[in-house]
Amino acid sequence: ELDAAEASNKVAKAASATNAVPAVTNAPAGGTNTVAKAAPPPTPAESIAKRYKQLLIIIQDMDEEALLQRYLSAVAMAYDPHSDYMSPMRKEDFDIDMNLMLCGIGAQLRAEDGMAKIMDVIPGGPADRDKRATHLVKGDKIIGVGQDDGEIEDILHLPLDKAVRKIRGKKGSKVVLNVIPASDPSGATTKLVDLIRDEVKLEEQAATGHVARVTLADGKFRAIGVVRLPTFYGTMDKRPNQPGFRSATLDVAKQIAAFNSENVAGLILDLRNNGGG
């Protein structure tokens with residue numbers, strides 16, 4: 001089954017290399033409109049085969065940096081299980097996580113069927129500020145990326161981390177995306193969306209706090225301070241007294257200090273979905 005999946009994947013890659021987009025045809029006036037039956041949902045076996053096919057593509061498309069990353073990480077962990085090697089690509093992702101900021105279009109992506117699917121548009125980012133009719137929305141799938149006024153490069157079946165790096169770029173530079181709109185998931189139509197990259201703040205990962213007022217069994221009220229910390233973060237290249245410095249420690253301390261005027265009776269530190277640091 002894997003061999004068959006690999007063969008079908010090669011055919012799909014060859015077909016996608018032509019960048020051909022099926023034409024949209026309209027029924028003649030007075031003609032009969034026919035509605036195609038919805039395709040049946042995939043069986044569990046088909047879903048698993050699709051996942052394995054995507055994994056096979058990722059393994060086969062590994063470049064020298066990815067191989068070196070795995071090898072040196074294995075060497076480091078052989079001496080210390082808490083140590084890891086960080087390639088330039090991994091270092092870039094680490095800096096984004098620690099600074100809660102990146103430079104790009106402001107969209108959260110996930111790999112799906114060999115495409116980069118938009119799972120959410122980050123508030124305040126270039127994609128969110130775009131009010132044109134062709135603006136990016138949740139469910140759109142990116143299949144091509146162009147830099148400035150250059151040719152659009154096909155990214156079908158490209159590993160997500162590599163596709164993301166083509167979409168990211170320097171502040172003020174232009175990126176052009178070839179997108180299958182969520183409104184037409186068949187891929188019969190596409191749209192071109194050009195955006196100017198800008199800094200995007202990942203504020204949804206920052207510490208937040210609020211006061212919850214609860215009623216106990218005896219009917220008495222209690223004020224409980226709740227601090228939510230989705231991830232640990234801290235600017236690595238700046239000191240606390242420098243502009244732009246961010247720290248999970250300082251942000252949590254500010255939230256707790258704000259509870260002093262609320263006369264809270266207790267404190268909850270919400271670390272759900274926090275992977276550690």
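Predicted model: local features only at pLDDT ≥ 70, side-chain atom pairs only at ≥ 80, totals over all residues.

Residues are numbered from 1 along each chain as its sequence is written, and side-chain values use heavy atoms, with hydrogens and water left out.

**Salt bridges**

- The structure holds 20 salt bridges (a side-chain nitrogen of Lys or Arg within 4 Å of a carboxyl oxygen of Asp or Glu).
- One of them pairs aspartate 95 with lysine 91, N to O at 2.8 Å; both sit in helix 4, four residues apart, or about one turn of the helix. Helices here are DSSP runs of H or I with at least four residues, strands are E runs of at least two, and both are numbered from the N terminus.
- Glutamate 92 forms another with arginine 168, with the closest N and O atoms 3.1 Å apart. Glutamate 92 belongs to helix 4 and arginine 168 to the loop between helix 6 and strand 6 (174-180), so this pair ties together parts that are 76 residues apart in sequence.
- Arginine 168 is buried, at 18% relative accessible area, while glutamate 92 is partly exposed at 32%. Buried means under 20%, exposed over 50%, and partly exposed in between, using a 1.4 Å probe and protein chains only.
- Lysine 141 and glutamate 112 also meet in a salt bridge, at 3.3 Å from N to O. Lysine 141 is in strand 4 (residues 141-147) and glutamate 112 in strand 2, so parts 29 residues apart in sequence are tied together.

**Arginine 197**

- Arginine 197 lies in the loop between strand 7 (191-196) and strand 8 (198-201).
- Its side chain has a polar contact of 2.6 Å with that of glutamine 147. That term means a pair of N or O atoms within 3.5 Å; within protein, one must be able to donate a hydrogen and the other to accept it, and residues adjacent in sequence count only if both atoms are side-chain atoms.

**Positive phi**

- Most residues other than glycine have a negative phi.
- Histidine 157 has a positive phi of about 65 degrees and is buried, at 10% relative accessible area.
- Asparagine 263 has a phi near 55 degrees and is exposed, at 67% relative accessibility.
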